[in-house]
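Me: I am new to this structure. Please show it, and then let me ask what lies behind each label.

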Amino acid sequence: MFEGLKTLPADAILGLIAEYKRDTRVNKIDLGVGVYRTAAGETPVLDVVKKAEQRLVDTQDSKAYIGTAGEPGFNAAMQTLAFAGHGDADRLVSIQTPGGSGSLRVAAGLLLRANEDTRVWVSDPTWANHVPLLGGAGLTLQPYPYYDTQQHIIRIDEMLETLRTASPGDVVLLHACCHNPSGLDPSEEQWRAISEVIVERELVPFVDMAYQGFAHGLDEDAFVIRHLADKVPTMLVSASCSKNFGLYRDRVGTLSVLCPDSKTRDVVASQLSNIVRTIYSVPPDHGAAVVSTILNDDKLTAQWHVELAEMRDRLRGMRVLLNDALGKVAPDHDFSHLVRATGMFCFLGVSEDQVNRLKKDYGIYIVGSSRINVAGITPDNVDYLAESIAAVL
Ligand SMILES: Cc1ncc(COP(=O)(O)O)c(C=O)c1O
């Protein structure tokens, strides 16, 4: 039965992780894998998550199935976190999904049911899994210019120009914050300009928010969602709790859909329920129950804000450290985009050959595009990292 199938190439990042593990050099550095890490190189369970989990162990009295849409208390809290009251509540539906990826997949199903020819504009470049995930589901994808690899800035004029050529009903996938892979987000002024084109051309914004709280703050990072929700009849928002709650493997996220009116909202809610039933039937509960416990308790929410700020500040701090260290050892090169970017990722801006030399000669592991995860930088390894980069420039 499977004779016709071929072995597929291993995922580039998984291959890199395996190579890193095999490397015996003590000063090796992993800047590839996409998870947050402390200065000790760990991806710990947040203290607030431990507390919420303990509370669940003590009080949860059933593991019976939840509904296709998940837990209402979780969905309401997540909707508030993203929209903060923007967009009419009676036009909005939010469902619990298995992570941001599950949310994107359900959204793709909905868009295809609405119109099997739906075209989705995606940034060039975008998260490596956007294209296989959304394209694999059957959507037609089209790139819009986003990142200038020479100047390390957003190609805002070309982006707007391209979106002006889109047809009414086309979907535009936007990263709410911490653009993956470039780390560069539009300013509020640029978001306003993008929103104007979306409204003018009657496009449907689809905002992917996988890093809320990792750039500037929970409210600042949701700016484009709240701004658009007051302007457009229809929009989709995929949110993930993998990074900001550190719940990667528990698979927690939401899909929110803003509809033109409450009647359409009810239709969309029934369609979402049916799509979920035909893919994974019901969402996983544990991680969402943890998030719900935190967000529906003022004290736990306050503790989460503190732990989230610690992660954000560490990422920011490592960007500054690396830029400063490079300024000393490679003064002729401009790495200021490292500090203009936010969140975990940005491009280092070196060639594939230089990426390979960093791996081979210095034990520094970076994906081929030169996207780095700044969470792999520590005060202890930053000088070695900067010197190694300078040596291959
Ligand atoms: C831009 C973007 N969207 C979505 C996701 C999916 O996250 P999750 O692990 O919650 O599926 C990621 C994860 O890296 C991401 O970077």
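Reply: Start with a term. A polar contact is a pair of N or O atoms within 3.5 Å; within protein, one must be able to donate a hydrogen and the other to accept it, and residues adjacent in sequence count only if both atoms are side-chain atoms. The model is predicted, so local features need pLDDT of at least 70 and side-chain atom pairs pLDDT 80 or more, while totals for chains, interfaces and linings use all residues. Residues are numbered from 1 along each chain as its sequence is written, and side-chain values use heavy atoms, with hydrogens and water left out.

Me: Which residues are around the ligand?

Reply: Among them are Gly99, Gly100, Ser101, Trp127, Asn180, Lys243 and Arg251. To be near, a residue needs a heavy atom within 4 Å of the molecule. Helix α4 (residues 99–114) gives the most to this shell, with three residues. Helices (H or I, at least four residues) and strands (E, at least two) are DSSP runs, numbered from the N terminus.

Me: How is the shell divided into nonpolar, polar and charged residues?

Reply: Three are nonpolar, six polar and three charged. Ala, Val, Leu, Ile, Met, Phe, Trp, Tyr, Cys and Pro count as nonpolar; Asp, Glu, Lys and Arg as charged; the others, Gly among them, as polar.

Me: Why is Thr97 called buried?

Reply: Its relative accessible area is 1%. Buried means under 20%, exposed over 50%, partly exposed in between (1.4 Å probe, protein chains only). So Thr97 is buried. Thr97 lies in strand β2 (residues 92–97). Its side chain reaches the backbone nitrogen of Thr254 at 3.3 Å.

Me: What makes Phe347 buried?

Reply: Phe347 has a relative accessible area of 8%, so it too is buried. Its place is in strand β11 (residues 345–347). Ile366 is 19 residues apart from Phe347 along the chain, with 9.8 Å between their C-alpha atoms.

Me: Is Glu202 buried or exposed?

Reply: Glu202 is at 56%, so it counts as exposed. It is found in the loop between α7 and β8 (204–209).

Me: What about Ala84?

Reply: Ala84 has 38% relative accessible area, so it is partly exposed. Ala84 is not a glycine, yet it has a positive phi of about 50°. Its loop runs between α3 (72–83) and β2.

Me: Where are cis peptide bonds found?

Reply: One joins Asp124 and Pro125, with omega about 5°. Another runs from Asn180 to Pro181, with omega near 25°. Pro125 lies in the loop between β3 (119–124) and α5 (130–137).
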